[in-house]
Amino acid sequence: MTYRLRSRDVQLMLLGFWVGTWIWVARFYCRDDALIHLRYADMLREYGFLTFDGIHPSYGTSSLLYVALLAAAGHIVHSVFLPKVFSVVGYVALLGLSLRRALKAVGIVRNSWFLFLIVLASPMAIRWFTDGMETSVATAAAVIIGYSTLPDTSISTGSRKSIAFLLLAFLWVFLRVEMAILLAFICLGNAA
């Protein structure tokens, strides 16, 4: 039995190679803010409260959930590359979610998703989404929240979907607090 590569398979392999190459090229690129978040995570793990110096409480982090995730992961492996790994994983998840949606869509919506994929695969987007910050994780969460607002006939009751949406929305705000504004508009839009 032979497997014949389709054009789409070749395109997906090229996309994977392209993205992988740029992630490798930018592997040591990390924003200073990512290291600041890592410092907060280390101090949270060591002292049990948000602090930068280990003495005074400090609230200089822009993402409580990201610091908590880094602190939890720091129990398993302690590395200066931990924020970088989180952002790369978030970026790959974002790319996968978008690719999944693009492959399911039809017509102009499909073209829009593939255009979004091209933007996500640009060198600057790869560098920005994999810079050690929570941006890729927050954006992947935004795509998941967007999915959750779409009508879904496969779920017999809306209660499970509503509970999942509320939990994800709660966590999303702790990932980036300004997302509360966007969530308000999503809720208003769904109520209309």
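Residues are numbered from 1 along each chain as its sequence is written, and side-chain values use heavy atoms, with hydrogens and water left out. In this predicted model, local features need pLDDT of at least 70 and side-chain atom pairs count only at pLDDT 80 or more, whereas totals for chains, interfaces and linings use all residues.

The chain holds nine helices and zero strands, where helices (H or I, at least four residues) and strands (E, at least two) are DSSP runs numbered from the N terminus. Of its 192 residues, 33% are buried, that is, under 20% relative accessible area with a 1.4 Å probe and protein chains only, while exposed means over 50% and partly exposed in between.

Helix α1 spans residues 7-25, and its residues D9, V19 and I23 are buried. Seen down the axis of α1, the buried residues fall within an arc of 100°, so they line one face of the helix; the arc is that of the directions from the helix axis to the C-beta atoms. On the other side of α1, S7, L14, F17, W24 and V25 are exposed.

Helix α4 covers residues 82-104 and contains V85, which is partly exposed at a relative accessible area of 47%. V85 also belongs, with F28, L35, V80, F81 and V89, to a nonpolar patch on the surface, for which residues need over 30% relative accessible area and no salt bridge, nonpolar side chains (Val, Leu, Ile, Met, Phe, Trp, Tyr) being joined within 5 Å. A salt bridge is a side-chain nitrogen of Lys or Arg within 4 Å of a carboxyl oxygen of Asp or Glu.

Conventions: Patches are made of residues with over 30% relative accessible area and no salt bridge: like charges are joined within 9 Å, nonpolar side chains (Val, Leu, Ile, Met, Phe, Trp, Tyr) within 5 Å. Accessible areas come from the Shrake-Rupley method with a 1.4 Å probe; for residues, only the protein chains shown count as cover. The expected span of a helix is 1.5 Å times one less than its number of residues.
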